[in-house]
Amino acid sequence: MTPQKPALRVGMAGYAFMGAAHSHAWRNAHRFFDLPLIPELTAIAGRKQSAVEHAAAQMGWASTETDWRALIERDDIDLIDICTPGDTHAEIAIAALQAGKHVLCEKPLANSVAEAQEMTEVAAEAARNGVFAMCGYSYRRTPALALMKRMIADGKVGTIRHVRAQYLQDWLSDENAPLTWRMDKTKSGSGALGDIGAHSIDAAQFVTGQRITGVSAIMETFTTQRPIGGEFVGLGGNTTVDASTEMGPVTVDDAVIFSARFDGGPIGVFEATRAALGRKNAMRLEVNGSLGSLAFDFEDMNFLQFYDQRDEAGSRGFHRIMVTEPEHPYVGNWWPTGHGLGYEHGFTHQVVDLVTALGNKTQPTPSFSEALGVQRVLAAVEDSATNNSIFTPTEENS
């Protein structure tokens, strides 16, 4: 008889979009991967009792709380999963780590470099006592992007020269889409920049193994006020607007574009927008090197494009690699070749990597320190955009 593996008892704060994605991952990771600990969905917290009870029943959580502090106080919880708006990340994560709970915190790590720095310092101290923290940049766990990193490390593209990244969505193209917390800077920290641009920054640094050292940026808000209330669907929604509709200010960016320098020599171009009609979740990343190029688009997420300059002249061109073979990252634990994966699998792989690291008593990645690096780039982008796009070093390189 196989010995029973220890449990990892999880308490999650938040239950909306990210809460659902994380819940799915916690439920399923150990059913497809051999993990050293078995996740248990112990408790979920949210401010509204009826809503959090509904979420718990729907997503499989054993109990509920209406205050995240109660999760931290419970003796039957080992890890706190933070799926709340950015303005709450620092307070929850610091309290949890100081109470001896492991932490998984959604991205971006915080709403400011100062908050992220404090979180990183607390996480470093906790790690010395065997308590670990990780930031949830889930796109790292997309098999095609993980394969891109492997191929770059293996020298397939040679010396990296260019990095270009786009993250294009359209859910805020409608000027009557209702106002949400994602459009309030005090809660979200920024708009397209932190919401989706942060993923591009992390992914670019992840696959290249290089850090962004400075940026030159422009940011724009196309719709400066939006209806309060309305029908919410997914990230956005719709509202019937008339003379009596109450409007509220949008205090974040709708779009951002910036150029960047990397510490190993490459230059980069980044674009993030939530107003690109027809683009639903086009998270794209391309790396050009001296020997070849690699290109990825999340809207075609099971494929990676590879151009090899060493191919015979006359037959060169981008090769479309279907990333569904057992030897590809993560894929061997899923379906037969050619049976693609989806958005939710990145979160499952995130749990797999986190739980494996915790079982081995090692630091999971990305650490809070790595996420702090992304936060510094976000801050430099904002600083540049508000100062006539002047080239602005990231804080650690200034």
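**Ground rules.** I am reading a predicted model, where local features need pLDDT of at least 70, side-chain atom pairs count only at pLDDT 80 or more, and totals for chains, interfaces and linings use all residues. Residues are numbered from 1 along each chain as its sequence is written, and side-chain values use heavy atoms, with hydrogens and water left out.

**The sheet.** I looked up the strand order and found an open sheet of nine strands with mixed pairing: β18-β17-β16-β15-β7-β14-β13-β8-β19. Helices (H or I, at least four residues) and strands (E, at least two) are DSSP runs, numbered from the N terminus. Two strands pair if DSSP finds at least two bridges between them. At the edges I noted β18 (319–322) and β19 (392–393), each pairing on one side only.

I then checked how β19 is attached. Strand β8 (residues 212–220) runs antiparallel to β19, and two bridges join them. Val 215 is the residue opposite Thr 392 of β19.

**A helix across the sheet.** Next I followed helix α6 (residues 143–153), which lies across β7 (160–168), β15 (282–289), β16 (292–297), β17 (303–308) and β18. Its angle to β16 is about 165 degrees. Axes are lines fitted to C-alpha atoms, for helices over the stretch in contact (heavy atoms within 4.5 Å); angles run from 0 to 180 degrees between N-to-C directions.

**Helices α5 and α10.** Helix α5 (residues 113–127) packs with helix α10 (residues 368–385) at about 170 degrees, the axes 9 Å apart. I therefore wrote them down as roughly antiparallel (under 35 degrees is roughly parallel, over 145 roughly antiparallel, 65 to 115 roughly perpendicular, the rest oblique). Among the residues that meet are Val 113 and Met 119 in α5, and Phe 368 and Leu 372 in α10.

**Helices α1 and α9.** Which way do α1 and α9 lie to each other? The axes of α1 (residues 17–32) and α9 (residues 343–359) come within 8 Å and cross at roughly 60 degrees, and the two are therefore oblique to each other. The contact includes Phe 17 and Trp 26 of α1, with Tyr 343 and Phe 347 of α9.

**An annotated span.** Last, I looked at the UniProt record, where an unreviewed entry lists residues 8–127 as "domain: Gfo/Idh/MocA-like oxidoreductase N-terminal". UniProt positions are in the numbering used here, feature names are shortened, and annotations may be inferred rather than shown by experiment. The span is 48% helix and 22% strand, with its end C-alpha atoms 17 Å apart.
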